[in-house]
Amino acid sequence: MRRLVGALLLAAMTPALADMPPLEELKLVSEHPVDGMDAGNLSGLAWCGDALWAVSDREDDRLYRLDSSATVWQAEAERFVAPPAPSMPLPWGLRMRTWMAGLVRGGHLDFEGIACDARGNRYLVSEARAAVLQVPPAADAQWLSLPEGMVRQARASGMLLNFNALFEGIAIDPAGERLWLAAEKERRGLVIVHNRNNAWRCEGGCVLLNEGGEENSPEALGGRPAPVDFSDLAFFEEKLYTLERQAHRICRRTPANGEVERCWSFAAEALTDARRYPVHYGMAEALSVDAQGAWIGVDNGSFARSDGEKRPIVWRFAAPAGGWGAVQ
């Protein structure tokens, strides 16, 4: 029966994913517990300048530079003050549920991702407000004036409809001219806005991709069907990379339309007995890609994994054989 259900789910997937051969497994190079993130919940990673930076979805007033000089990394906080967030066209009920969740768990803005441009500006995506905060290296933080049509188009496409399933990932090109956001699940998708003369706008529509459906999680998680999802984005050498948490894979995509080109799995290394958490869903929340490999951040929430580790984790995976640009 499980095989039949799995076959039906696979048939419902996007054709590109359904037609792919078995995925190449990425090789784990190192793993690094992170000290100094008092609230935990590492939700985004980005390489900025000479260091990896992180953000927590439980803290509205800081991001972290990660000191990688030892196996256990130290998170060094950089504080900022976020001005009042813009009002985006989200329904009242959804905004209230998000506000109440912030009261209970902390993090009213719910920063779920971080990206950097070549000038060192950091961009934080707020799931709670469907907005993006820019944190310059030597100036006050400010919200981007994103077009309201971006959210309206996303919702009209079936995205951003459910609580805790809004924007989960962010990427920007080095010039700071193209910005992508990933809707998490139910339906998942990608949107893009362009910066023209210091004004952000949709050009020919903001929605690049939207898709629903389910697929089976890895057997180590029970092989249960779960909604397809995105948990972060990265931009590297004119390609988008999506972190697909429940499937435990990274996929390379075309920036202009979000079409999947190739995927790689990290399930074998992430789901060893020692690294397992007592949950049936994926925990990978953060992604940064470079020529040598990928950094993946784990948001463990309040859970300890099987070996007793309770701190956030950053994994370093080697780039696939032939590099990220390799064809099938």
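Q: How many aromatic pairs does a search of the whole structure find?
A: This is a predicted model, where local features need pLDDT of at least 70, side-chain atom pairs count only at pLDDT 80 or more, and totals for chains, interfaces and linings use all residues. Residues are numbered from 1 along each chain as its sequence is written, and side-chain values use heavy atoms, with hydrogens and water left out. Rings of Phe, Tyr and Trp (its six-membered ring) pair if their centres lie within 6.5 Å; planes under 30 degrees apart count as stacked, over 60 as edge-to-face and the rest as tilted. On that basis, the aromatic pairs found in the whole structure number eight.

Q: Why is the pair of F111 and W143 stacked, or what is the angle between its planes?
A: The ring centres of F111 and W143 are 6.4 Å apart. The pair counts as stacked because its planes meet at 25°.

Q: How many residues apart in sequence are the parts that F111 and W143 tie together?
A: Strands here are DSSP runs (E, at least two residues), numbered from the N terminus. F111 lies in strand 7 (residues 111-116) and W143 in strand 10 (residues 142-143), so the pair ties together parts whose separation in sequence is 32 residues.

Q: Is W143 buried or exposed?
A: Buried means under 20% relative accessible area, exposed over 50%, and partly exposed in between (1.4 Å probe, protein chains only). W143 has 11% relative accessibility, so W143 counts as buried.

Q: Which residue lies over the face of W53?
A: A charge sits over a ring if NZ of Lys or CZ of Arg is within 6 Å of the ring centre and within 35 degrees of the ring normal. At 4.8 Å from the ring centre of W53, the residue over the face is R122.

Q: What is the bridge partner of W53 in strand 5?
A: Two strands pair if DSSP finds at least two bridges between them. Strand 4 (residues 51-56) and strand 5 (residues 62-67) pair in the antiparallel sense over three bridges. In strand 5, W53 has as its bridge partner R65.

Q: Which residue's backbone oxygen lies 2.9 Å from a polar atom of the side chain of S231?
A: S231 lies in the loop between strand 17 (225-227) and strand 18 (232-236), and S231 is buried, with a relative accessible area of 0%. The backbone oxygen at 2.9 Å from a polar atom of the S231 side chain belongs to A284.

Note on methods. Helix = DSSP H or I, 4+ residues; strand = E, 2+ residues; numbered from the N terminus. Polar contact = N/O pair within 3.5 Å; in protein donor to acceptor, adjacent residues only side chain to side chain.
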